[in-house]
Amino acid sequence: MEQMKDRFAKLLLGEDMSGGGKGVSSALALSNAITNLAASVFGEQSRLEPMSAERKARWRKEIDWLLSVTDHIVEFVPSQQKNKDGSNMEIMVTKQRIDLLMNIPALRTLDTMLTDCLDTFKDQNEFYYLSKDAPDSEKGNNKRKDDKWWLPTVKVPKDGLSDASRKNLQSQKESVTQVLKAAMSINAQVLSEMEVPENYIESLPKNGRASLGDSTYRSITVEFFDHDQFLSTMDLSSEHKILDLKNRIEASIIIWKRKMNQKDGKSAWSSAVSMEKRELFEERVETILRIIKYRFPGLPQSSLDISKIQYNGDVGQAVLESYSRILESLAFTVLSRIQDVLHADFIAQNPSQASCKSNPVKDDTQTTSVLSSPRYDVETTNPMTLSDLLTWSVDQNDSEEKRDSTDDLSREGDAKNMQKLNIVTNKKVSYLESLGGLRSPTARH
């Protein structure tokens with residue numbers, strides 16, 4: 001009880017423990033609380049192992065506390081009331097807001113799927129981990145060659161994993177990939193509905209060329225444009241450079257959208273480029289954003305996303321965004337740990353390939369599937385089911401293993417969970433429209 005009092009005191013004070021009223025908004029305080037809780041419970045998640053009973057109990061209890069706020073976020077809906085004389089009268093009753101009603105249970109299911117995945121490694125004894133301080137002679141060919149040098153090194157039997165263990169890892173990889181894509185979809189949709197803060201808009205240059213840079217602008221506005229060729233000319237050698245490109249593209253979209261919506265020809269935001277060309281350029285950069293997001297799923301949030309979260313005023317969407325974000329992060333981490341083990345198994349069976357670097361999620365996020373991803377096709381009239389959403393890009397290598405009966409049974413179990421879920425948002429707009437500064441309803445995030 002004392003712990004609960006402490007948590008909600010911080011939320012009510014907006015993290016300003018002096019009580020001087022200088023705290024952050026309730027939405028941001030709740031978002032920070034969910035983020036901090038996940039960081040303290042899950043941490044680095046450097047190994048494939050189940051959560052301890054204590055950590056799991058703490059996570060369930062405290063996340064339930066924080067999510068309980070959404071039970072009281074309601075909207076009015078029409079309903080029929082029968083009078084004593086037998087006549088019917090239409091009245092307005094309260095009901096949990098539709099986006100929360102549909103997406104909170106969906107996120108809870110994704111949460112359970114992740115913890116259940118970790119539980120499957122409880123009794124495994126075929127692989128283990130060496131500490132980062134272990135001698136190189138002990139690490140052998142499995143010594144980490146990427147930028148995650150501090151993570152423990154995976155050791156597998158000399159001849160590799162058994163067939164049963166390998167099949168279980170492949171099955172869990174597919175399940176976690178589904179969770180990752182679903183969490184990414186919910187998070188992207190929530191962020192797309194958030195209002196673009198005025199201070200972010202004020203910080204932008206007056207034209208897209210200045211935002212993108214001359215060379216990038218010319219590459220995007222050429223008559224014959226190819227997305228893959230464009231990306232091949234960009235320097236994507238580091239996370240910082242990728243994020244910088246994403247920031248510049250998002251800023252240019254907002255600039256162009258505001259110019260299209262600007263009626264005053266004398267305004268600094270007015271445009272000399274035709275409407276048709278502007279829409280063509282926006283379509284091109286939107287596709288580039290899709291590719292970047294799915295080619296680099298572990299990328300930090302962009303400046304626009306951070307600004308939206310910071311100045312958000314809608315508590316319901318703050319919960320959806322933060323909960324989906326931490327599940328996306330956890331799924332990506334678990335997927336990376338699974339790939340570490342599979343890579344160690346591959347090296348054990350193919351010692352000559354020891355110099356190859358593992359890529360934890362590249363196979364599951366192929367660029368070709370991004371271009372037709374339903375994540376951005378949110379203008380359909382019916383809400384997309386999670387099972388529909390998760391068919392974006394099935395790894396071709398994994399498809400060969402669907403013939404195995406063990407995997408089939410595992411997938412059937414996951415499918416039953418996924419079919420129960422719907423991803424619903426209150427306002428269905430295109431990704432470009434959301435970037436363009438169009439306002440959400442006043443009561444929304």
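1. In this predicted model, helix α1 passes helix α3 in a right-handed crossing. Helix α1 covers residues 2–12 and helix α3 residues 53–67; the two pack at an angle of about 40°, and their axes are 11 Å apart. An angle between 35 and 65 degrees falls in neither the parallel nor the perpendicular class, and α1 and α3 are therefore oblique to each other.

2. The residues behind that contact can be listed on both sides. From α1 come Gln3, Met4, Arg7, Phe8 and Leu11, and these meet Arg58, Lys61, Glu62, Trp65 and Leu66 of α3. Sorted by class, the contact of α1 with α3 holds five nonpolar residues, one polar residue and four charged residues.

3. The pair α4 and α6 packs at an angle of about 150°, with 10 Å between the axes. Angles over 145 degrees count as roughly antiparallel, which makes α4 roughly antiparallel to α6. The crossing in which α4 passes α6 is left-handed.

4. On the α4 side, the contact with α6 is made by Asn103, Leu107, Leu110, Met113, Leu114 and Cys117. On the α6 side, Gln172, Ser175, Val176, Val179, Ala182, Ala183 and Ile186 take part. The class count for α4 with α6 is 10 nonpolar and three polar, with no charged residues.

5. Helix α6 (residues 163–193) also packs against helix α14 (residues 315–349): their axes come within 8 Å and cross at roughly 150°. The crossing of α6 and α14 is left-handed. The residues of the contact of α6 with α14 divide into 18 nonpolar, eight polar and seven charged.

6. Which residues touch the most other members of the largest nonpolar core? They are Leu48, Trp59 and Phe127, in a core of 56 residues. Helices α2 (26–42), α3, α4 (98–119), α6 and α14 each supply at least two residues of this core. The largest share, 13 residues, comes from α14.

7. With neighbours within four places in sequence left aside, Leu48 is in contact with Leu118, Phe121, Phe127, Tyr129, Leu169, Val334, Arg337, Ile338 and Val341. A second, separate core has 29 residues, including Tyr217, Val285, Leu289 and Leu299.

8. Is Glu321 buried or exposed? Glu321 is found in helix α14. The relative accessible area of Glu321 is 1%, and the cut-off for buried is under 20%, so Glu321 counts as buried. Not counting residues up to four places away in sequence, Glu321 touches Ser31, Asn187, Val190, Leu191, Met194, Gln301 and Ile309.

9. A last point concerns strand β2 (residues 88–96), in which Thr94 lies. The C-alpha atoms of Thr94 and Val77 are separated by 6.2 Å, with the two residues 17 residues apart along the chain. Apart from its neighbours within four places in sequence, Thr94 is in contact with Val74, Glu75 and Phe76.

Note on methods. Residues numbered from 1 in each chain as written. Predicted model: local features only at pLDDT ≥ 70, side-chain atom pairs only at ≥ 80, totals over all residues. Heavy atoms only, no water. Axes fitted to C-alpha atoms, helices over the stretch in contact; angles between N-to-C directions. Helix = DSSP H or I, 4+ residues; strand = E, 2+ residues; numbered from the N terminus. Left-handed = near helix turned anticlockwise from the far one by under 90°. Nonpolar A, V, L, I, M, F, W, Y, C, P; charged D, E, K, R; others polar. Parallel < 35°, antiparallel > 145°, perpendicular 65-115°, else oblique. Contact = heavy atoms within 4.5 Å. Core = buried A, V, L, I, M, F, W, Y, C linked by side-chain atoms within 4.5 Å. Buried < 20%, exposed > 50% of the residue type's maximum accessible area, 1.4 Å probe, protein only.
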